[in-house]
Amino acid sequence: SFIRGVASAVGCPSLAWPASCLSSATSSSAQPSHGDLVASNLRMGAVLDWLLEAHDFSCRSDLRGIVVLFFEWLETLRLALCREHFQACDPSSQDAFLTECRLADQQAAALAAQGVDLDLGSSACNGATSAVQTAVGAAILWGREQQLTAPCEGQTWLLYPAYRSPGEICSASKLPLPTATSEEVSARPPTWRDITTHFSAGHLLNPSIITEVLRQHRRSGTIPATLRQRGDDWVVNLGAGDGACTDGAHYDPANCLATQEGLQGVFIEGDRESFAALQKALNATRGGGQHKILNIYISPATVVESIAAELPTSEPLLLKVDIDNADCFLLRSLLKVFSPLLIHIEINPLFPPPLMFRQRFEGAEEDIGEAGRQRRLERGQSLGGCSLAAALEDVNEGRRERRAKHHLGDRPGHLPYRLLHVEHANALLAREDLFVLLQRHYGDISSSTIDASDLEKWRLGYLCHPLARHLYSREFAANLAVMELADPSISDRERLERARVWLEREDPNGLAKG
C-alpha cells in the first residue's frame, strides 16, 4: 500500500500539451528520443502480453502476485519514460519523472524481495530507457522458470492498476464483474479468447455461446415469441477478410459461426486477394455452396440493396461490421430494414460514453477501395471509426419512438439494442428480447448480462484492461491519455471540451470529422 500510495493518477502525454511541443519534445541528447519511446513501448507491450497469459495460467496466488507487481513496475516505467521525454512540455514533468522513477525503484525492490532475480544496475532515475530494458529482461527470465500448463479456474482478473485510474474507477469493486457462488460456477459460460488473444474478464459471452443458449431454450419451449422466427441460422459479414476464424485482432465471429457452427451467410469482401481466400474457406464448410459471397465495396447508399438481394430473412442471428470506414453509418442504414439478434462492430474505444465521435464516411471512388482503406489505416486508428456511444445511437435511431408511436408492442423492427460488452475495440450488442433471455439464463455470473451502464462496461472492456495502454499501440499513436477523458470528477461538458482539444491538436485539417 505504501508503494502504491506515492503515485498519482497522471496521464502522459497530457491533453493540455500543444502539438508543437509533442512533435519537438526532445531537445537534449540526454533525454530519451522518440525512437526510444517507440522501441520501449513495443518491448513493454510484448512482455505485458506474455505476463497476462502467465497470470491466466498461474494457479498459485504468490505467482499471480508477482505478475501484478511486474505490471505495476512496467506501467510506472512507461510513465517515467514519457515524462522524461516530454520534460519540455510541462514544467512539472521533472518532478513527475522523479516521483515515477523513485516509485519504480521501490517496485523493483519489492519484486526482488519476492525472489525475482533482478540485475538492477542503477536507479531508474538515471535513465528510464535502460530501466525498461532491465524490467523486460527480468520478466522474460522469470517467465522461463515458470511451468504453465492450463488456465486456472478462479475469479481473480488482472486489471489496470486501480491507483493509476481517476477515482480508482479501475478497482474491481467499481467494475461490473460477476460474483458467483460455488453452486453457480458450473453454470458459467465457457471461457474463450477475445480480440486481445486472452480470456476476457467476467466470463463474457460470444456469438457461438449465445447460439447454443438459443438452441437450449428452443428445445425447452421457453423461447419468447419474437425469437421464434428461424432466420437465426444466417449471418451477415461486412468485411469478411480471408474467412479465417482465429484468436486476436482478426477474430471474426461471423466467420467462426460459418466455419465451426455451419451457419449460412452473406459475406462481403472488397479486396480481391482476401476474397479468393474467403471463397476457399467458406466453400470448404458444411453447406458451403449455400453461402452468398460478394466481391464488392459498399457504402451507406448501397449496403441495404446489396444485402437485401441475397439475405432471405430480415432477422439474421448476427450482423458483423468492420470495413474500416465509419462503420456506424452502415449500421444506421441497415437497421432501418434489418433486425439482427446480435451486432458485432468495431469501435473507436478512445472516447468514453457519452462522447460521440464519428469519422466522416469517405465515399469518393478513390476512397472506397483497398487503396483508400490503407490510407485510412496509415492515418491512424485514433482518428477512425465511431465511438461506442455513437454506434449505440445509430443502431437505435428511431426504434423506441416508432414502437411508442404506433403501439406495435415488441415487434422485432422496433426493439432497441443493448450493450452486452466491449472487447477492447469491438462491441457486442443484443436485441432487447435476446438480451432479456440471456440475462434470465446467466444473471450476474457473466459481465455481459450484468445490469450495468454502457460507461461501466466500456471501463471494464477497454479502459481498465491491463493491456489497454499498449495493445496495438493505439493510445501511444494517439498521443492521448484516455484516463483524462474518463475522469469521473469532471462534467460531461468538460469531457467534451477535452476531446475537442485533442481532436483539433491531432487532426487540425479535419480529415476525420464526421
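Which two residues form a disulfide with their sulfur atoms 2.0 Å apart? Cys-12 and Cys-82 do so, a disulfide being a pair of cysteine sulfur atoms within 2.5 Å.

## Basis of the report

This is a predicted model, in which local features need pLDDT of at least 70 and side-chain atom pairs count only at pLDDT 80 or more, while totals for chains, interfaces and linings use all residues. Residues are numbered from 1 along each chain as its sequence is written, and side-chain values use heavy atoms, with hydrogens and water left out.

## Disulfides

A search of the whole structure finds 5 disulfides, among them the bond between Cys-12 and Cys-82. Cys-12 lies in the loop between helix H1 (2-5) and helix H2 (19-23) and Cys-82 in helix H4, so this pair ties together parts that are 70 residues apart in sequence. Helices (H or I, at least four residues) are DSSP runs, numbered from the N terminus. The torsion about the S-S bond of Cys-12 and Cys-82 is about -85 degrees, so the disulfide is left-handed. Both cysteines, Cys-12 and Cys-82, are buried; buried means under 20% relative accessible area, exposed over 50%, and partly exposed in between (1.4 Å probe, protein chains only).

A disulfide also joins Cys-170 to Cys-464. Cys-170 lies in the loop between H6 and H7 and Cys-464 in the loop between helix H17 (454-463) and helix H18 (474-478), so the pair ties together parts that are 294 residues apart in sequence. Cys-170 is buried, with a relative accessible area of 2%, and Cys-464 is buried at 0%.

## Salt bridges

Side chains of opposite charge can pair when their charged atoms come close. The structure holds 21 salt bridges, each defined as a side-chain nitrogen of Lys or Arg within 4 Å of a carboxyl oxygen of Asp or Glu. One of them joins Arg-193 and Glu-53, at 3.0 Å from N to O. This pair links distant parts of the chain, 140 residues apart: Arg-193 is in the loop between helix H6 (128-144) and helix H7 (207-220), and Glu-53 is in helix H3 (residues 34-57). Arg-193 is partly exposed at 21% relative accessibility, and Glu-53 is partly exposed with a relative accessible area of 21%.

Glu-75 forms a salt bridge with Arg-78, with the closest N and O atoms 2.7 Å apart. Both residues, Glu-75 and Arg-78, lie in helix H4 (residues 61-85), 3 residues apart, about one turn of the helix. Glu-75 counts as buried at 6% relative accessibility, and Arg-78 counts as buried at 15%.

Terms used
Helix = DSSP H or I, 4+ residues; strand = E, 2+ residues; numbered from the N terminus.
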